[in-house]
Amino acid sequence: MTVEMSPIERAKYASARRAAEFVESGMKVGLGTGSTAAWMVKRLGERVREEGLKIQGVPTSSGTAALAREAGIEVTTLDEARWLDLTIDGADEFDSNLNLIKGGGGAHLQEKVVATASDQMIVIADAAKAVETLGAFPLPVEILAFGGQTTKALIEETLVGMDVLGRDSVLRMQGDAPFVTDEGNHILDLNLRRIGNARQLSLVLNQIPGVVENGLFLDICDTVVIGYGDGKTEIR
Ligand code: 5RP
C-alpha cells in the first residue's frame, strides 16, 4: 500500500487484511459493512483475482453488494446460501466478552441476520473500539418509520427502568431527511453512555412494537482481529 494513511486507517486496513486470511476456497462468507469491512472486501477481491480464491459472498448492505461485485467477488443472497461458514464485519465497540455495538453505518439489521446465520463471526476493528463497558458509542436502534415519534417516546420511557446512564435518543438524519436503511426503516441513536446490563436492554428494546432490531451483538462474535496504527494486529 503506497497511499499515505492515518494511523486509524492503517489499523483498519491491517485488521481487515489479517482477517481475510481466514477465508478459504469453497466458503460462503458474510461480508460486513463500513470502512473496515470495505478493506476486507477489497482484499478478498484481490485474492479472487490473484490466487483464484473461490467464494460466495453474502453482503450485509446494498453498499457492500456493489463493492463486492466491483471487486470481482461472486455475490449471492442469504436465502440462496442458507448458512455461511464465516462472517467478517466491523464494529463500533467491543468489550472483553466480545459483545458488540454495531450499526454506526446503519446496517446492523442485515448484519445481525447474516452473522447469526454463520458458523463463525470475526470482527475487524481498530484498537480504539475496545471498551470496558459498552455504551459510550450511541446505540443504534432500527425502528419502523410508521409511528416513529411514538416508538421514540416508548423507548425513552422504557429506559427509565434500565441500568443505563443516559436516556435521550436522536433520530438519525441524512441532510434534511431521516436516514433510511436498506430495509426502508429509520434509526434512533440512543445516548446511553454506559450499558450496565446489555442482555436485559436488548430483550426489552426488541419487545417494543415499533423496534425492528437493536445494535447490540451479544454472544455472536467469536474472534476480534484488532488492528494498530503501526500495522500490527492482535487476535482475541
Ligand atoms: C455498520 C457497522 C460498521 O461495521 C461499524 O459502524 C464500523 O464501521 P467502520 O468500520 O467504518 O468504523 O456496524 O452498520
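Let's start with a pair of strands: strand 6 (residues 100-101) and strand 14 run antiparallel and are joined by two bridges. Keep in mind that this is a predicted model.

- L100 has F217 as its bridge partner in strand 14.
- Zoom out and you get an open sheet of three strands, in the order 5-6-14, with antiparallel pairing.
- As a bit of background, strands of a sheet pair through backbone hydrogen bonds, and they can do so parallel or antiparallel.

**Around the ligand**
- The ligand has 18 residues around it, and the closest are G34, T36, G90, G104 and G105.
- Two elements give two or more residues to this shell: helix 2 (35-51) and helix 5 (108-116).
- Helix 2 gives the most, with three residues.

**A closer look at A65**
- You'll find A65 in helix 3, which covers residues 62-71.
- A65 counts as buried because it has 20 C-beta neighbours inside 10 Å, and 20 or more is what it takes to be called buried.
- Leaving out residues up to four places away in sequence, A65 touches P59 and V75.
- V41 is 24 residues away from A65 along the chain, and their C-alpha atoms are 9.7 Å apart.

How values were computed:
Residues numbered from 1 in each chain as written. Predicted model: local features only at pLDDT ≥ 70, side-chain atom pairs only at ≥ 80, totals over all residues. Helix = DSSP H or I, 4+ residues; strand = E, 2+ residues; numbered from the N terminus. Buried ≥ 20, exposed ≤ 12 C-beta atoms within 10 Å, placed from the backbone. Contact = placed C-beta atoms within 7 Å. Pairing = 2+ DSSP bridges. Near = placed C-beta within 6 Å.
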